[in-house]
Amino acid sequence: MSDGTIFYNYMSSPFGQLELGATNDHLYSIRFESEHLHMVRVNKILENTQQQLTEYFDGSRLDFDLPLYSAGTCFQKQVWQQLCCIPYGTTCSYGDIAQKIGRPKAVRAVGAANGRNRIAIIVPCHRVIGANGSLTGYAWGIAVKTALLNHEQQIQHLLEGNTFAN
C-alpha cells in the first residue's frame, strides 16, 4: 500500500453522502458516511473515482475502471473478485458466488466476506441477494441496497428500450 498515506474526499450521491479513501496508487474504500470523519485530502485516484461515480449515478457508466486495493484474506479476495463479475442491473445469490469460486458449501463465509467489502458500489456487494430472492443484509441498510438495485434496473431498462434489432 505505497507509503501508508490515505487520502479522503466526500461526495453527495442520490443515496447518501459517500466517503472515498485512496492511497497514492489505489482506491481503498467507499463508505456511506453522513459525517466528515477525516480531513479532506484529494489525489488523482479520488478525482477519477468521483468522476466515475458521478457517471454511474447519472446512468452513463455501467462499470468502473479504477485501481483497487483489497486488503483481505485469499478467500475474501476471491469473493470480491467474483462480485465484480456480476453484471450491472442483475443480482445473484450468495450460493451462486460460492459455486463460482469452487466452494459450494461456503455460503455463510461468502456472506461474511461480502459484508467486509470496503469498496461499496464499485465492488457491487449490493447485487448479492438471498437464495429465495430476498434482499438480505447490507452494511448501509436494506433501503440503500434497494435504491442501488432499483437505480441499476431502471437504467438497464432504459438501455434495453433504446436498442434496435438488426
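Which polar atom lies 2.8 Å from the backbone oxygen of Gln 50? A polar atom of the side chain of Thr 54 does; this pair and other sites are described in the legends below.

The structure is a predicted model, in which local features need pLDDT of at least 70, side-chain atom pairs count only at pLDDT 80 or more, and totals for chains, interfaces and linings use all residues. Residues are numbered from 1 along each chain as its sequence is written, and side-chain values use heavy atoms, with hydrogens and water left out.

**Figure 1. Overview of the protein chain.** The protein chain contains five helices and five strands, where helices (H or I, at least four residues) and strands (E, at least two) are DSSP runs numbered from the N terminus. Their order along the sequence is β-β-β-α-α-β-α-α-β-α. Along the principal axes, the C-alpha atoms fill a box of roughly 40 × 40 × 30 Å. Of the 166 residues, 44% count as buried (buried, under 20% relative accessible area; exposed, over 50%; partly exposed, in between; 1.4 Å probe, protein chains only). Of the contacts (heavy atoms within 4.5 Å) between residues at least 6 apart in sequence, 53% join residues at least 24 apart.

**Figure 2. Thr 54 in helix α1.** Thr 54 belongs to helix α1, residues 44–57. With a relative accessible area of 38%, Thr 54 is partly exposed. A polar atom of the Thr 54 side chain lies 2.8 Å from the backbone oxygen of Gln 50. Ser 12 is 42 residues from Thr 54 in sequence, yet the C-alpha atoms of the two residues are 9.3 Å apart.

**Figure 3. Glu 19 in strand β2.** Glu 19 is located in strand β2, residues 16–22, and is buried, with a relative accessible area of 2%. The Glu 19 side chain makes a polar contact of 3.0 Å with the side chain of Tyr 10 (a polar contact is a pair of N or O atoms within 3.5 Å; within protein, one must be able to donate a hydrogen and the other to accept it, and residues adjacent in sequence count only if both atoms are side-chain atoms). Apart from neighbours within four places in sequence, the residues in contact with Glu 19 include Tyr 8, Ser 29, Arg 31, Glu 33 and His 38.

Figure 4. Ile 121 lies in the loop between α4 (107–115) and β5 (128–129). Most residues other than glycine have a negative phi. Ile 121, although not a glycine, has a positive phi of about 70°. This residue is buried, with a relative accessible area of 0%. Arg 127 lies in the loop between α4 and β5 and is buried, with a relative accessible area of 5%. Leaving out residues up to four places away in sequence, Arg 127 touches Leu 62, Leu 149 and Glu 152, among others, including Ile 86, Pro 87, Tyr 88, Gly 89, Thr 90, Thr 91 and Cys 92.

**Figure 5. Gln 153 in helix α5.** Helix α5, residues 142–161, contains Gln 153. Gln 153 is partly exposed, with a relative accessible area of 30%.
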